Each structure stands twice: as structure tokens, then as C-alpha cells.
Amino acid sequence: MTSTPPTPTRYGASRADLATVLAGQPAYRLDQIWSGLYEHFADPTELTAVPKTLRAEVADALPLALHGITESTSDGGETVKWLWELHDGMQVETVLMHYAGRSTVCVSSQAGCAMGCGFCATGQAGFDRHLTTGEIVEQVVRAGRRARDDGRRLSNVVYMGMGEPLANYDATWASVERLHADVGLSARHLTVSTVGIVPGIRKLTAETLPVNLAVSLHAADDDLRDDLVPINKRYPLSTLMDACADYLSIKGRRLSFEWALIDGVNDRDRDAELLSERARSLPLPAHVNLIPLNPTPGYAVRGTPARRVREFCDQLRHRGVNATVRRTRGTEIDAACGQLRAAHAGTAPVTIRPRAPRA
Ligand code: SAH
Ligand code: SF4
């Protein structure tokens, strides 16, 4: 049920589209406005070097695609989360996280997700549609603007919001290219996260830009992974590990395994052992990110208790694996994948600060 917005959106528009809007204007206006939109995350109305009527014309001709439903902050203002509505009523989430020395935005690549991982709020709700390149890029720009207004600089983008980026390959990759070429983010500051779509990893391997790859592993044996991550039945661990090995050999980029720790399910000694073997079998050992499972309405099992999380991390380290426990961000604002949207639909309570309608 993919539908196209009626006009090119501000960040879906190509330079040629902007040139059409600027017909009859001096040639330098194109670069001036393009760099204002991308490098400075500016709204056209902020471009004071451009005549006021022209600023208004650009804003009208190239409307934004994301309309803010809610904006909520937590962690003392260090985490900001948006729930956006798209032109067709779809809802997606974006999270901005400030850390010492960097600010990272987590973007959605699809409204919903078809991969059906049972522990994931997005997976529980099913697939609505792919996001367009403009809808993905605009999430980065809107977060970049907020970072700028907070006196910070947006430095990193992770494709870890709603959806499976490699199931929406073309729009995802076009957004990566635009973030690199026009926003000016370097490939090593861009991370694509995948549940393990092997053909997608192979396509990424063939691209010139060497982005970081995060693989959501969650289980290191096929039986358990088939349960947790159903796509494993199509792309089992042997083929996934081969694709990861090739990515590393060819790209020489950092690869991480994401592991949501689920109490009594994938946090046993044996899991640490198997995971260590997998991580160390690669040409460059994978870095392991441990995330205690965030509770979701549709999954009864809880996250691993903090003490066991630390032990599990130590078990990996003792086996020579570089592992870190991800600091959970924004749990009080449901900042995990798909949770804010689920909360908004009334399946879980959430405290949100209503925002001015329609940005
Ligand atoms: N579809 C991609 C990217 C989006 S999900 C992927 O699966 O990698 C981003 C990350 O959040 C993934 O590592 C996913 O496994 C993790 N995740 C999903 N639900 C979670 C939950 N309830 N608790 C902790 N991590 C979760
Ligand atoms: Fe989709 Fe990733 Fe959630 Fe799995 S974890 S359902 S792949 S968004």
C-alpha cells in the first residue's frame, strides 16, 4: 500500500526539483538554499540572506513530510523522541540521543516491519509501508536541527528505529548517500542495523561507501534464533556469518552484534560461549552490544536482571570478545523500537508532552 506524497517533499526533492522551484532566480540561489537545507538543517524561513518572498515560496513548494504528533524528552534532556505522522496517516518514531562528545539520531526505515520478531513492539504490530528516502532523510534533519538548537552537533546516524532497513534497500541506501554527500556525515558515522537479510548485506558489501553494519543476532544457534528472529529460517546462521565475514574482509569496517538479553532465554552460560565463538570466528572480531530487553505489551518474558547482564558481559570479555552494555535511553518515554507508537495507540501508558500541531 505504498503511496506517493502529492508533491516532492522538502527532503525528497532532488536538486533539479529545487531548481524548478527557483526558476528565474540567480544561479547561486540553488547552492545557497540547498546547503541551508542540508548543512545547516535550516527551515527556508531562517535563510535570511534569501529574499523573504522566495523563502516562503520554497517552504510552500517543498512541504515537510513529518508532522509532529508528540515530542518527549527524558534523561535530563539528553534523549528526545518524536512520534511523527506521515501524509497518509502512518506513524513512525525518531530518537535523538546526546552523549559526551557526540549526538546520535536513531531513524526509522519503514512504518512497521514484516519480520515478526516477537520481542519487538514494531514486529508485533506488523508492516504498513516502506518509508521514502525523503522521509528517512528528514528524520535526520529534524533531529539535527534540534541538536543545533540544544547547542550540539549531530554526528551519528543509526538505522535502528522502526523497520528493517535492508528490506527497504533502495530508499535506505539513497538516504545514506544523501546524508554523506549533502549533510556531510562520514560513512563511519552511519550504522545500518539488520535482522540478517543476507542479500541486503551482500548489496551493502558491493557499495562504495563503507558504513558500519550492526547485525541483530540475539541467538547464536539456529534453533533459538528461528524462534526469536523468524527470518533466520530463510537466512540461517551459516549463511549470515559468511555474509558478515565477507563484509568485514571487503570493507574493513566495524561490525557489531546486537543482543537483547532475555531472562532465561538467551542469557545462559552456553549462550555466552556460543556467541563468543561466533564473534571471534570473523576476520575482525565482532563487537557485541548487549541491551537488556525492553518490555513490550505483546511479549511476556522480561529482560535479564542487571546482575546477570554484567556477568554475561564479563563472560564474553573473558573469552576475548569486546562487549559493552548499552545504556538504556528514554525508557520512561518508551524510546525503544516501536514502543511510542504502540503506547500512542493505547496499548500501554505513556507520558507525553503534546507538541504544536503540524510542524
Ligand atoms: N530491523 C532492524 C533495525 C531496527 S530494530 C534490526 O532488527 O536490526 C533495532 C534494534 O532494536 C535491533 O537490534 C532489535 O533487535 C532491537 N530491539 C527490538 N525490540 C527490542 C526490545 N524489546 N528490547 C531491546 N531491543 C529490542
Ligand atoms: Fe523488524 Fe528489527 Fe523489530 Fe525484528 S527487531 S521486527 S527486524 S524492527
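1. Let's start with a pair of strands: β1 and strand β2 (residues 79–85) run antiparallel to each other and are joined over 7 bridges. Here, two strands pair if DSSP finds at least two bridges between them. This is a predicted model, in which local features need pLDDT of at least 70 and side-chain atom pairs count only at pLDDT 80 or more, while totals for chains, interfaces and linings use all residues. Residues are numbered from 1 along each chain as its sequence is written, chains are lettered from A and ligands numbered from 1 in the order in which they are written, and side-chain values use heavy atoms, with hydrogens and water left out.

2. Stay with that pair for a moment. β1 and β2 make a hairpin with 4 residues between them, and Asp75 in the turn has a positive phi of about 55°. If you want a bridge to look for, Thr73 has Val80 in β2 as its partner. Strand β1 (residues 67–74) is mostly covered, with 6 of its 8 residues buried; buried means under 20% relative accessible area, exposed over 50%, and partly exposed in between (1.4 Å probe, protein chains only).

3. Now the whole chain. It has 12 helices and 12 strands, where helices (H or I, at least four residues) and strands (E, at least two) are DSSP runs, numbered from the N terminus. Of its 359 residues, 56% count as buried. The chain exposes about 14,900 Å², and carbon and sulfur atoms supply 51% of that area, as computed by the Shrake-Rupley method with a 1.4 Å probe. Take the contacts (heavy atoms within 4.5 Å) between residues at least 6 apart in sequence: 67% of them join residues at least 24 apart.

4. Two parallel pairings come next. β8 and β9 pair in the parallel sense over 4 bridges, with Val192 opposite Leu213 in β9. Strand β9 (residues 212–216) has 5 of its 5 residues buried: Asn212, Ala214 and Ser216 point one way, and Leu213 and Val215 the other way.

5. The second pairing joins strand β10 (residues 255–261) to β11, also in the parallel sense, over 6 bridges. Phe257 stands opposite Val288 in β11. In strand β11 (residues 287–292), 6 of 6 residues are buried; His287, Asn289 and Ile291 point one way and Val288, Leu290 and Pro292 the other.

6. Helix α6 (residues 169–183) has 15 residues and reaches 20 Å from its first C-alpha to its last, close to the 21 Å expected at 1.5 Å a residue; the expected span is 1.5 Å times one less than the number of residues. Its buried residues include Trp173, Arg178 and Asp182, and the buried residues of α6 pack against α2 (28–38), α5 (133–149), β7 (156–159), β8 (190–194) and α7 (198–206). Just after α6, Gly184 takes a positive phi of about 90°.

7. Helix α10 (residues 269–280) has 12 residues and reaches 17 Å, close to the 16 Å expected. Among its buried residues are Asp271, Leu274 and Leu275. The cover over the buried residues of α10 includes α8 (222–228), β10, β11 and α11 (306–318).

8. Finally, which residues are around ligand 2? They are Cys113, Met115, Cys117, Cys120, Gly123, Gly163 and Val195, where a residue is near a molecule if one of its heavy atoms lies within 4 Å of it. This shell divides into 5 nonpolar, 2 polar and no charged residues. Ala, Val, Leu, Ile, Met, Phe, Trp, Tyr, Cys and Pro count as nonpolar, Asp, Glu, Lys and Arg as charged, and the others, Gly among them, as polar.
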